[in-house]
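These are my notebook entries on a structure that I looked up. I set down each item in the order in which I examined it.

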There are 6 protein chains.
Amino acid sequence: MKLVIKVTGKFFDSPGDKSVLSNAIKSLVESGNKVALVTGGGQTARWYITLGRSLNLNEASLDLLGIWVARLNAFLMAMSMPDLAYSKVPESLEQFLEYWGHGKVVVVGGFQPGQSTAAVSALVAEAISADYLIMITTVEGVFDSDPKKNPNAKFLPKVTTTELRSILESTQSIRAGTYELLDPMAMKIVERSRIKVIVTSLDKIGKLARILKGEEIASIIEPV
Amino acid sequence: MKLVIKVTGKFFDSPGDKSVLSNAIKSLVESGNKVALVTGGGQTARWYITLGRSLNLNEASLDLLGIWVARLNAFLMAMSMPDLAYSKVPESLEQFLEYWGHGKVVVVGGFQPGQSTAAVSALVAEAISADYLIMITTVEGVFDSDPKKNPNAKFLPKVTTTELRSILESTQSIRAGTYELLDPMAMKIVERSRIKVIVTSLDKIGKLARILKGEEIASIIEPV
Amino acid sequence: MKLVIKVTGKFFDSPGDKSVLSNAIKSLVESGNKVALVTGGGQTARWYITLGRSLNLNEASLDLLGIWVARLNAFLMAMSMPDLAYSKVPESLEQFLEYWGHGKVVVVGGFQPGQSTAAVSALVAEAISADYLIMITTVEGVFDSDPKKNPNAKFLPKVTTTELRSILESTQSIRAGTYELLDPMAMKIVERSRIKVIVTSLDKIGKLARILKGEEIASIIEPV
Amino acid sequence: MKLVIKVTGKFFDSPGDKSVLSNAIKSLVESGNKVALVTGGGQTARWYITLGRSLNLNEASLDLLGIWVARLNAFLMAMSMPDLAYSKVPESLEQFLEYWGHGKVVVVGGFQPGQSTAAVSALVAEAISADYLIMITTVEGVFDSDPKKNPNAKFLPKVTTTELRSILESTQSIRAGTYELLDPMAMKIVERSRIKVIVTSLDKIGKLARILKGEEIASIIEPV
Amino acid sequence: MKLVIKVTGKFFDSPGDKSVLSNAIKSLVESGNKVALVTGGGQTARWYITLGRSLNLNEASLDLLGIWVARLNAFLMAMSMPDLAYSKVPESLEQFLEYWGHGKVVVVGGFQPGQSTAAVSALVAEAISADYLIMITTVEGVFDSDPKKNPNAKFLPKVTTTELRSILESTQSIRAGTYELLDPMAMKIVERSRIKVIVTSLDKIGKLARILKGEEIASIIEPV
Amino acid sequence: MKLVIKVTGKFFDSPGDKSVLSNAIKSLVESGNKVALVTGGGQTARWYITLGRSLNLNEASLDLLGIWVARLNAFLMAMSMPDLAYSKVPESLEQFLEYWGHGKVVVVGGFQPGQSTAAVSALVAEAISADYLIMITTVEGVFDSDPKKNPNAKFLPKVTTTELRSILESTQSIRAGTYELLDPMAMKIVERSRIKVIVTSLDKIGKLARILKGEEIASIIEPV
Ligand SMILES: Nc1ncnc2c1ncn2[C@@H]1O[C@H](COP(=O)(O)OP(=O)(O)OP(=O)(O)O)[C@@H](O)[C@H]1O
Ligand SMILES: Nc1ncnc2c1ncn2[C@@H]1O[C@H](COP(=O)(O)OP(=O)(O)OP(=O)(O)O)[C@@H](O)[C@H]1O
Ligand SMILES: Nc1ncnc2c1ncn2[C@@H]1O[C@H](COP(=O)(O)OP(=O)(O)OP(=O)(O)O)[C@@H](O)[C@H]1O
Ligand SMILES: Nc1ncnc2c1ncn2[C@@H]1O[C@H](COP(=O)(O)OP(=O)(O)OP(=O)(O)O)[C@@H](O)[C@H]1O
Ligand SMILES: Nc1ncnc2c1ncn2[C@@H]1O[C@H](COP(=O)(O)OP(=O)(O)OP(=O)(O)O)[C@@H](O)[C@H]1O
Ligand SMILES: [Co+2]
Ligand SMILES: [Co+2]
Ligand SMILES: [Co+2]
Ligand SMILES: [Co+2]
Ligand SMILES: [Co+2]
Ligand SMILES: [Co+2]
Ligand SMILES: [Mg+2]
Ligand SMILES: [Mg+2]
């Protein structure tokens with residue numbers, strides 16, 4: 001199978017052993033899968049954006065700072081799999097496609113201002129006609145409202161993009177156009193190319209193979 | 001002033017003299033403005049996308065074909081201003097910024113799948129903190145409904161992004177997420193960086209300086 | 001075997017299914033051949049050159065426009081073979097050699113002003129020590145005069161470069177230095193590296209394997 | 001004058017306004033100087049190197065992580081001077097020379113494993129035949145022993161490279177080959193190209209022009 | 001004026017001061033001209049081609065070795081004019097155009113196998129619409145036969161391309177397609193873009209300005 | 001095994017067949033080893049440095065000339081192994097790592113001013129976690145003093161880096177910081193990453209496999 005795994009930048013915020021992710025990817029590759037990994041920026045991204053604001057950078061430049069930190073996280077992960085991963089982090093989708101053609105794991109940070117790493121991972125998944133896009137986040141999966149704000153939010157094992165859109169619209173700010181989880185651009189790509197999205201949490205990294213076999217609970221978003 | 005001019009790909013569909021655009025840019029530059037130009041793909045883009053569909057390309061690849069035609073149009077315009085323009089067409093916003101630093105006119109086609117050339121021009125305008133983004137399209141400006149479908153559509157000399165969003169939502173398909181004129185990504189950038197957008201038509205290319213001075217009617221979109 | 005296939009830009013002028021060419025290449029690769037493909041520019045190239053002339057571009061820039069359209073055709077074909085072909089179109093022979101080293105099909109448009117795509121394909125064939133350069137054109141093969149102008153032209157199944165040179169010199173303009181079929185640069189490369197050239201027509205694309213086995217009639221040019 | 005300014009990575013560790021450095025550079029440029037800036041990695045570099053060790057990266061990869069953080073700091077500073085600085089951070093000395101030829105401020109992080117940012121700044125100073133290399137560090141200048149370890153260390157307003165070598169050898173570990181302040185590679189470059197080095201501290205950033213005029217105390221290292 | 005100067009590779013074969021050439025270029029630039037310089041390969045090129053033959057390289061690779069030596073000569077000249085010249089040597093005409101846009105002297109070695117440095121210089125001259133292409137060679141100018149073989153060869157102050165073609169064809173081997181002085185590709189470019197070519201010898205390098213004013217004898221080739 | 005082979009630039013100074021080196025590498029690769037090759041500059045490097053001095057180039061530029069000649073030697077070797085080697089010569093360690101990921105022989109000239117090719121080969125060996133760094137030089141191995149100056153120098157089959165450092169310090173100039181054989185930077189890398197170094201001479205190129213099996217005498221340097 002062709003898999004795109006997107007991991008939250010928060011993964012890189014805590015000290016301690018990060019090999020759980022490289023090991024998970026190694027074992028997916030050994031089972032015959034092809035894998036692309038997309039990394040977020042996390043706390044270091046926020047730190048640099050704060051420094052950037054103190055220097056009066058414009059929004060595009062602030063986004064670029066965040067992208068560069070996400071690329072640093074991507075580079076760290078690429079270096080941790082020297083035999084498996086392409087050693088360079090692509091800086092655009094076209095470059096991603098070139099590296100992907102080498103048959104190796106390609107690790108991506110961000111591409112361009114104005115889009116979330118969720119959108120980046122959807123673009124990557126579309127470009128390689130991925131079987132699944134797996135989003136590893138800080139919550140267990142998709143809920144009927146934000147579980148961080150509402151302790152009674154209900155976990156949804158299966159949800160269509162239409163349902164998800166109305167959940168996000170009713171619980172997050174429409175105006176901003178920057179929903180968490182899946183922003184409008186990611187949503188558009190997922191729908192137009194009918195990408196199957198799985199949402200799960202950081203503590204399930206070691207169980208991705210089981211999730212793909214349906215032996216472990218996670219949310220699945222179905223494009224409609 | 002710093003200006004971003006976005007010209008519809010339809011400009012390149014008809015035979016005949018294309019120097020009206022290079023001349024307009026030359027004269028804006030001679031009056032002390034700095035100019036970036038963004039070109040659409042037009043009919044040639046549609047032709048290649050048709051060929052691509054016959055070859056079963058995925059959505060990302062079809063978008064890339066369209067982007068490459070837009071870049072071809074951009075290259076044509078760059079070659080037409082050998083002393084004024086940077087000779088290469090940037091393939092990402094970061095590359096655009098590098099070329100822009102040379103103090104020359106930079107001509108852009110597209111950057112990446114999943115976004116319109118309107119979004120590209122908004123990203124460019126944000127990155128250089130442009131004074132105006134001028135969109136040269138096939139209609140006179142913004143109307144209260146699509147003038148191509150509704151002959152009674154009313155011309156709007158001034159409109160806020162909030163008003164425009166509700167016009168587009170009520171007259172175009174929400175679901176698609178691919179509104180004409182300004183798609184959601186372009187809208188988000190325009191709003192977050194408060195970019196002033198002017199909409200005018202192809203037959204006003206020779207009068208851009210007058211439009212900027214307010215001596216010629218065109219629509220202005222105000223970010224709120 | 002190592003094969004270079006050069007296809008006339010006219011292949012991209014007509015609507016309809018272009019998969020005959022990608023399928024032919026796939027099957028040649030599956031039979032153990034290594035393939036490089038060179039594409040011409042066709043009618044779109046001529047269209048852009050016309051636009052360029054209206055903008056007073058010099059000869060070098062006009063050639064670059066044609067080259068960029070040939071590269072667009074090359075990109076289309078590369079995208080149509082995502083598992084087989086290198087995703088990027090090389091812009092020089094040195095870049096071609098780098099991509100070729102990946103063991104994939106490499107699709108080339110043009111390299112530089114002042115040379116035909118026939119010359120490009122000869123350069124590529126020389127650089128990889130190709131077994132055959134197959135030129136797919138709009139006529140059945142080599143004739144004793146231009147078959148488009150002379151309905152009585154005689155088909156030549158075998159011809160030496162010396163014989164071909166005298167045919168072209170006597171039936172085309174010497175002065176121009178831009179013979180059709182094989183220009184002087186292509187001729188020089190073919191001769192100095194003793195490249196075997198096969199000339200056949202678009203309707204034989206599905207029969208390339210048979211042509212290589214000598215089971216189908218086509219012209220062969222022998223370097224002397 | 002041509003100046004290379006090297007600032008310790010610790011400058012980026014603390015929150016708060018970083019514009020003191022960009023302002024200092026702006027004012028040096030306005031007075032007619034040409035400036036290259038080299039940034040260290042600081043605490044973020046150390047954090048990523050810690051993560052890298054947990055992933056068993058080799059020494060070369062760990063150095064590359066540190067270099068990428070230094071480049072991130074460089075990128076932040078380049079973005080803070082959009083009109084003055086080249087927008088890209090060079091990744092090798094040859095790339096630095098290409099960017100430097102644009103007449104702009106060029107901001108450098110690191111070039112390659114196995115060398116300190118002091119060595120990088122010496123290489124840069126040599127390549128542009130700089131008048132001065134100014135090292136902005138956490139101490140006031142050069143002392144007769146490490147002022148961080150010895151509170152009685154004596155400040156040295158002037159010191160030759162020969163004297164400094166013997167101070168560093170007697171107070172730091174020879175074996176390691178990684179002296180602080182100036183490592184052997186930096187020392188070799190400084191001596192062979194007779195580069196004049198000024199050492200001063202972070203709180204003097206606003207007074208660089210005065211230091212260059214000799215109106216402010218700082219240490220000067222003279223190559224012999 | 002825009003000038004392309006092509007200097008024979010033999011210039012780099014002898015020891016001694018090479019500054020005569022950089023000085024000549026500096027003074028042309030100071031008088032308001034824009035200059036591109038093209039360098040040949042000389043004896044070092046021949047040495048590497050000999051080594052390459054002993055390793056059984058094909059013709060394309062042997063040409064690439066010669067090109068790389070010509071680029072080395074170009075790099076030497078670029079380094080000798082650090083304030084005037086672009087620091088990188090372009091590897092294709094498109095790269096040349098990008099560097100040329102910087103308003104600096106650009107120094108070129110070679111572009112691609114199968115063409116002489118005379119052809120490279122003609123391509124460069126065409127691309128920038130040069131006023132003159134000055135070829136600095138080992139003989140005084142154009143003669144009615146090869147002056148190295150025929151001591152009675154008559155010097156020709158003025159010659160058309162048509163005349164020169166018949167001189168070269170009658171005194172050099174037609175078959176080879178590799179005439180000295182101007183090969184067929186160079187000739188084609190010179191004619192189609194009507195480039196004025198001046199031929200002079202190494203000992204006139206210090207007098208280029210005088211030659212351009214017609215105060216010093218040299219041959220001029222007129223395109224017809 | 002992973003092997004880095006560094007060959008003295010003097011290998012390219014003499015005429016005659018250079019295939020002994022490509023053949024040795026081919027046979028090592030066929031036995032299952034992965035090989036990187038680093039080439040010195042030799043006499044041609046010295047010739048260009050002499051020309052450069054006559055043009056008053058600074059030390060950085062002179063080093064770059066030497067690096068470019070070493071890269072030319074590297075290119076020659078890469079071209080001599082078209083099926084085995086990556087066709088491009090990397091210009092930095094990061095580029096080396098990218099090419100190395102292709103599973104091919106990568107041939108390196110130099111990376112940057114201020115370091116010997118011995119340092120380059122140590123950096124490469126560290127980056128790929130090589131099993132051995134084999135230095136092919138003009139002498140049989142390591143001696144207790146420079147064998148070129150002292151005919152009674154004693155051959156040392158085994159030596160620690162500590163012992164070698166004291167031999168080099170006592171027999172070469174400390175000040176220069178540019179010991180032959182292993183300079184301080186190479187020494188630092190070898191020690192920090194505990195790289196095993198073998199030193200042997202040009203006439204043993206055909207016997208590298210035997211040396212690695214311990215069947216042929218050579219010096220081995222052990223990092224401590
Ligand atoms: N309210 C409206 N006001 C103005 N135009 C509208 C409106 N609603 C829809 N449109 C349509 O938007 C079109 C312009 O947007 P569009 O995205 O097609 O860009 P374009 O100028 O054709 O450039 P491109 O080459 O990038 O497609 C107009 O031709 C018009 O038909
Ligand atoms: N003796 C000849 N034998 C065959 N074809 C000839 C001969 N003389 C002239 N031609 C012409 O050469 C043409 C093919 O060469 P041409 O250079 O036009 O390439 P092409 O296949 O059209 O590709 P491209 O897209 O590169 O132009 C034929 O269409 C034919 O009319
Ligand atoms: N004799 C000395 N004089 C001055 N400083 C010395 C001396 N000996 C040791 N040092 C130490 O050198 C340190 C500065 O060198 P160091 O290489 O750490 O650079 P840095 O400014 O911290 O930049 P970077 O971010 O590149 O590490 C000082 O903080 C000081 O403690
Ligand atoms: N009719 C002629 N007039 C002048 N020179 C001629 C003529 N016929 C042949 N030549 C030869 O042409 C040579 C110059 O052309 P050539 O192509 O060798 O260029 P070059 O200046 O040596 O540069 P490069 O380094 O590119 O080889 C002269 O040395 C001369 O011997
Ligand atoms: N103790 C020693 N043992 C061996 N060789 C030594 C010793 N001391 C000095 N040398 C010298 O070191 C030289 C080899 O090192 P050198 O740095 O010159 O590399 P090289 O093999 O010539 O390659 P390059 O082309 O990179 O210069 C030998 O020729 C020898 O004269
Ligand atoms: Co449209
Ligand atoms: Co590759
Ligand atoms: Co430090
Ligand atoms: Co530039
Ligand atoms: Co010659
Ligand atoms: Co040496
Ligand atoms: Mg044709
Ligand atoms: Mg030596």
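This is a predicted model: local features need pLDDT of at least 70, side-chain atom pairs count only at pLDDT 80 or more; totals for chains, interfaces and linings use all residues.

**Entry 1**

I then located two of them in their chains. His102(A) sits in the loop between helix H4 (93-100) and strand E3 (106-108) of chain A. His102(C) sits in the loop between helix H4 (93-100) and strand E3 (106-108) of chain C, and this pair therefore crosses between chains.

**Entry 2: ligand 2**

I turned next to ligand 2 and its surroundings. I found that 20 residues surround ligand 2, and the closest are Gly9(C), Lys10(C), Thr117(C), Thr137(C) and Asp146(C). By class, the shell around ligand 2 divides into six nonpolar, nine polar and five charged residues.

I then looked up individual polar atoms. A backbone N or O atom of Gly9(C) is 2.8 Å from an oxygen atom of ligand 2. A polar side-chain atom of Thr138(C) is 2.9 Å from an oxygen atom of ligand 2. For Thr8(C), an N or O atom in the side chain is 3.3 Å from an oxygen atom of the ligand. Ligand 2 exposes 640 Å² when taken alone, and the protein buries 89% of that.

**Entry 3: ligand 4**

I repeated the search for ligand 4. Here 20 residues surround the ligand, and the closest are Gly9(E), Lys10(E), Thr117(E), Thr137(E) and Phe143(E). I recorded six nonpolar, nine polar and five charged residues in the shell around ligand 4.

A polar backbone atom of Gly9(E) lies 2.8 Å from an oxygen atom of ligand 4. A polar side-chain atom of Thr138(E) lies 2.9 Å from an oxygen atom of ligand 4. The side chain of Gln172(E) places a polar atom 3.3 Å from a nitrogen atom of ligand 4. Taken alone, ligand 4 exposes 630 Å², of which the protein buries 89%.

**Entry 4: chains A and D**

Finally, I looked up the interface residues of the two chains. Of those in chain D, 100% are also interface residues in chain A, so the copies meet through the same surface.

Definitions and conventions. Residues are numbered from 1 along each chain as its sequence is written. Chains are lettered from A and ligands numbered from 1 in the order in which they are written. Side-chain values use heavy atoms; hydrogens and water are left out. A residue is near a molecule or strand if one of its heavy atoms lies within 4 Å of it. A polar contact is a pair of N or O atoms within 3.5 Å; within protein, one must be able to donate a hydrogen and the other to accept it, and residues adjacent in sequence count only if both atoms are side-chain atoms. Accessible areas come from the Shrake-Rupley method with a 1.4 Å probe; for residues, only the protein chains shown count as cover. Ala, Val, Leu, Ile, Met, Phe, Trp, Tyr, Cys and Pro count as nonpolar, Asp, Glu, Lys and Arg as charged, and the others, Gly among them, as polar. Contact means heavy atoms within 4.5 Å. Helices (H or I, at least four residues) and strands (E, at least two) are DSSP runs, numbered from the N terminus.
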